[in-house]
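Please keep the sequence and the model in view while reading.

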Amino acid sequence: MSSPKKPRGVVARIARGVMWTLLSAVVLIGLLVGVGVFRYQRVMNTSSIGVYSYAWSVTKSLAFDQEALGDWSRFEHKYDAQISNDEDAVKDANEMLATLHDPFTRLLSASETKAEHDAMHGNFAGIGVQFGMQIDKDGKVAKNAAGKPLMTSTADGYPVADEVLDGPANAVGVQAGDAFISVNGTSLQNVGADEVVKLLRGTPASTAHVVLRRGSKEFSVDIVRGQVHLHAVKTQQLGDIGYIRLTSFEQDSTVDEMRDALQKLSTSKAYILDLRNNPGGRVDFVLNLAPLFLDKGTIVTIKQHQHGGGTRTENYEVPAGNTENLTGGKPMIILINGNTASAAEMFTGAMVNNGRAEAEGTTSFGKGIGQTVVPAPNGTELHVTSLRYYTPNGTWLGDGNSNKHGIEPTFKVEAPKVMKLLSEQDVQLKFAVDKLHEELAGK
C-alpha cells in the first residue's frame, strides 16, 4: 500500500513549542516547534556573524506572514559590531526574530539542537519526570507574575509530577502527584516552567537534591540524572475497551509503536485514544497514522509559503484502497485538553471531521501553524513559521499565541486542577469509558 504523500520540501514536524508537557525535567523543553527538516540549499558562512546572517536571510525567504517582517533590511547588519561568538549570534538572532511576535520562530543553539534531535529518538538525559502545563479559566497557559508559563501546580504554587517514567526518579521512589518543593536548595514555588526545567535537568551522573511533598508529608531524595527512554505509545486493556495513550508525534518509532498497540488491542470492542498533554510533532506521522484508523477521507489541508513568493495549497488524503485500518470502524473517543496541540490537533481534527471519533475533555491548545526547520551553521537550527494547516472541514485552529481557537470537544468534561491520568480521579477517562459502554450496549 502506498503511503500518503508528504508535504513537499519538508519531513513534517509541528509541535507546540512549549513542550514541558511531554519532556519537562527529562531534557530540553520549550524548543520543539518544527515542521521538519526543509532541504534549504544555501552556502553557509560558518563565522558567528554568518550564523546570524543565515537566520536573517532564511527567515526573509520562508516566513508565512511576509507582512510581519516589515522593513527586514533594518536587521541585516544591525548586530555585526557586537557578535563575537555563536552565543552572541543566537541571542541577537532571537532578539531580531522576537519582533515577529511569533514565539515559534526562533534560532536554536547547537546544544538545544542536539537535545531536540535526541528527543526524536526518544532518548533523554534527565530525571525522567513529566509535567503538565497549568491552564487558566480562559483555556490559556497560566503565567506567573513575571509572565512565565507555569506547570500544573498545587494550590500554593509548587509543580506537580504528571507522570514518572522508568528512570532515575522512579528508581528512588518519586511518584505521579508528588509536588516538587525545591531543587538543590532553590524553591520552585510559582517558578516558570522553563526555569524549573533548567533546575531539574543537567549532565548525566550529576545529582539533583529534590524536596518533595506527598500529601502533607515533605521529604527529600537525591536523584542521579541519567538516560531516559520515552515510549511514544502506551496501552492498557480496560475491560472490553482498548486504551491507547500517545504522548507525542515526535519520536521516530511513533508509527510502528501505534501499529503494534492496535494489533495488541485488536480484540477490543471500542477504543479510547488519549491525546491529553500531547504537544504535537511531525506532520508525516499524522499522515501515516491516520490510515490506521480511517478507510478514506481528507486528513489535512496545508498552505505553505514558497521560497520566492506566494503560497501553495495541498490536500492530503488517506490513500485510495487503504488496507491498513486496524480499528475496523469500532467506536472511538479521543481525549483532549488545553495541552493537546499542533499535530495532535491535526490528527484529532481528521478523526472528528471524518466522523471516525468523538472528542471529549476540554478545548485543545489552538495551534494551526507549522514551522520549517532548517539546519543552520555550526550545529544551530532555525525554526520559521512557514505554513498554516486546516482540518478537513476547513477550520484553522489559530496561531498558538494571541489568536487561538482549538478543537471544541463533542463532550466537554472538566478535570480537577491536579489529576493523575488513569487514576480514580481521572473523570475524563471515566466519562469516556461509560459513554462507550452505553454505545456498545445500544448496538
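Two strands are said to pair if DSSP finds at least two bridges between them. Strands and helices are themselves DSSP runs, numbered from the N terminus: a strand is a run of E of at least two residues, and a helice is a run of H or I of at least four. In β18, for instance, E360 is the bridge partner of L335.

The model is a predicted one, in which local features need pLDDT of at least 70 and side-chain atom pairs count only at pLDDT 80 or more, while totals for chains, interfaces and linings use all residues. Residues are numbered from 1 along each chain as its sequence is written, and side-chain values use heavy atoms, with hydrogens and water left out.

The protein holds 10 helices and 21 strands. Of its 443 residues, 59% count as buried, where buried means under 20% relative accessible area, exposed over 50%, and partly exposed in between (1.4 Å probe, protein chains only). A contact requires heavy atoms within 4.5 Å; among contacts with a separation of 6 or more, 72% are between residues 24 or more positions apart.

Six strands form an open sheet with mixed pairing, in the order β11-β12-β13-β17-β18-β21. Because β11 (233–238) and β21 (411–412) stand at the edges with a single partner strand each, one side of each is left without a neighbour in the sheet. Within the sheet, β12 and strand β13 (residues 270–274) run parallel and are joined by five bridges. The strands β17 and β18 also pair in the parallel sense, over four bridges. Between β18 and β21 the pairing is parallel over two bridges, and K412 in β21 is the bridge partner of G361.

Helices accompany these strands. Helix α7 (residues 254–264) lies across β11, β12 and β13 and runs at about 10 degrees to β11. Helix α9 (residues 343–353) lies across β13, β17 (332–336) and β18 (358–361), at about 145 degrees to β17. For these angles, axes are lines fitted to C-alpha atoms, for helices over the stretch in contact, and the angles run from 0 to 180 degrees between N-to-C directions. Together, β17, α9 and β18 make a right-handed β-α-β unit; right-handed here means that, with the strands pointing away from the viewer, the path from the first strand over the helix to the second runs clockwise.

The charged side chains form the next topic. Side chains of opposite charge can pair when their charged atoms come close. The structure holds 15 salt bridges, each being a side-chain nitrogen of Lys or Arg within 4 Å of a carboxyl oxygen of Asp or Glu. One of them joins R245 and D162 at 3.7 Å, N to O. This pair links distant parts of the chain, with R245 in strand β12 (residues 241–246) and D162 in strand β5 (residues 161–164), 83 residues apart. R245 is buried, at a relative accessible area of 7%, and D162 is buried as well, at 11%. A network of salt bridges links D162, E163, K234 and R245.

R245 also stands opposite D274 in β13. D274 in turn forms a salt bridge with R276, the closest N and O atoms being 2.8 Å apart. D274 is buried because its relative accessible area is 0%, and R276 counts as buried at 1%. A further salt bridge joins E112 and R106 at 3.9 Å, N to O. There E112 is partly exposed, at 22% relative accessible area, whereas R106 is buried, at 19%.
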